Amino acid sequence: MSKTIDVTALGELLIDFTENGTSGQGNPIMEANPGGAPCNVLAMLKRLGHSTAFIGKVGDDMFGTQLEDALKEVGISTEGLVKDPEVHTTLAFVHTLPGGDRDFSFYRKPGADMMLSTADVKDELCTNSKIFHFGSLSMTDPVCEEATLYAVKKAKDSGAVITFDPNLREPLWESLEQAAEKIDQGMKLADVLKISDNEIQWFTGEQDYEAGVRILQEKYDLKLILVSLGKEGSLAFSASAKTFVPAVLRENTIETTGAGDTFCGCVLHYILENGLKDYTEAELKEMLTFANKAASLITTRKGALRVMPTKEEIEHS
């Protein structure tokens with residue numbers, strides 16, 4: 001059976017409250033942006049012409065409706081989106097620090113995304129996808145962890161390429177030891193890993209990125225590893241090649257929300273266009289150049305999911 005969904009992603013869909021100026025009374029004004037890494041990745045893929053579907057849970061509340069509407073607006077299938085009548089949609093408050101880094105405060109004890117159960121997962125969305133993408137935030141609690149592992153294994157057994165982004169958010173874990181244990185599970189299932197500079201240093205204990213990658217290559221069956229370095233650029237490692245591409249820095253950068261997800265979406269686009277294989281250095285450079293350009297464009301826009309760049313914008317930037 002030929003698969004009709006290019007990428008299905010499972011995980012958190014939430015509201016990112018981001019700062020957007022100050023009121024006349026001197027209070028911060030917060031803007032309710034649709035957020036959550038998996039859907040940001042899907043939004044970039046959809047913008048590049050791919051069919052996408054999402055598996056996750058929101059509350060049956062005003063924010064859940066806003067998120068459902070946002071997915072429909074950008075063209076992500078909501079067939080796998082479930083609404084919980086008991087638990088509210090997860091909220092994240094994002095504070096941008098001097099220099100562009102972000103500090104997160106989560107309202108998620110519990111949040112609806114944690115309540116996704118195995119019974120909520122539509123098997124056909126897993127088995128009918130060419131790529132299945134997930135992160136670690138859907139493994140912070142037993143119910144959603146069971147659903148995540150169930151869905152990933154269904155997809156893997158069907159021959160899907162499994163892609164994983166740890167997307168570590170320390171406040172959401174009981175401990176970093178627990179986070180490491182669950183991220184290890186994710187890496188064991190993955191074919192492709194997208195990991196950030198600080199995540200690979202933390203997880204491997206190596207400050208040198210290449211040394212960290214060698215540890216991951218030896219321990220896991222990863223065909224492709226991408227290391228995002230923020231404003232420094234990115235690294236890519238296949239079985240026999242590696243490369244570094246510097247970031248595209250823009251003077252009109254506002255915030256970095258969604259940059260890593262935009263980058264990840266572009267990498268998955270390259271895999272869909274070229275197949276997952278032992279890429280050459282030239283192919284890795286082509287992949288990263290496109291992904292870095294896209295990531296830099298999203299830093300000039302408020303939010304991420306609704307404002308992903310087009311292929312033409314990326315190529316001409």
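The largest share of the lining of the largest cavity, three residues, is supplied by α1, where helices (H or I, at least four residues) and strands (E, at least two) are DSSP runs numbered from the N terminus. A cavity is, on a 1 Å grid over the protein atoms alone, a set of points where a 1.4 Å probe fits but cannot get out, and lining residues have an atom within 4 Å of a point. The lining includes Glu12, Ala37, His133 and Asp165, and the elements that give two or more residues to it are α1 (37-47) and β8 (129-135). Residues are numbered from 1 along each chain as its sequence is written. In this predicted model, local features need pLDDT of at least 70 and side-chain atom pairs count only at pLDDT 80 or more, while totals for chains, interfaces and linings use all residues, and side-chain values use heavy atoms, with hydrogens and water left out.

Strand β8 also belongs to an open sheet of nine strands in the order β5-β4-β1-β8-β9-β10-β11-β12-β13, with mixed pairing; two strands pair if DSSP finds at least two bridges between them. At the edges stand β5 (77-84) and β13 (242-246), each with a single partner strand, so one side of each is left without a neighbour in the sheet. Within the sheet, β10 (residues 192-196) and β11 (residues 224-228) pair in the parallel sense over five bridges, and Lys194 has Leu226 in β11 as its bridge partner.

Helix α4 (residues 142-157) packs on the sheet, touching β1 (5-10), β8 and β9 (161-165), contact meaning heavy atoms within 4.5 Å.

Conventions:
1 Å grid on protein atoms, 1.4 Å probe; cavity = no way out; pocket = protein on both sides within 12 Å on 5 of 7 lines; lining within 4 Å. Axes fitted to C-alpha atoms, helices over the stretch in contact; angles between N-to-C directions.
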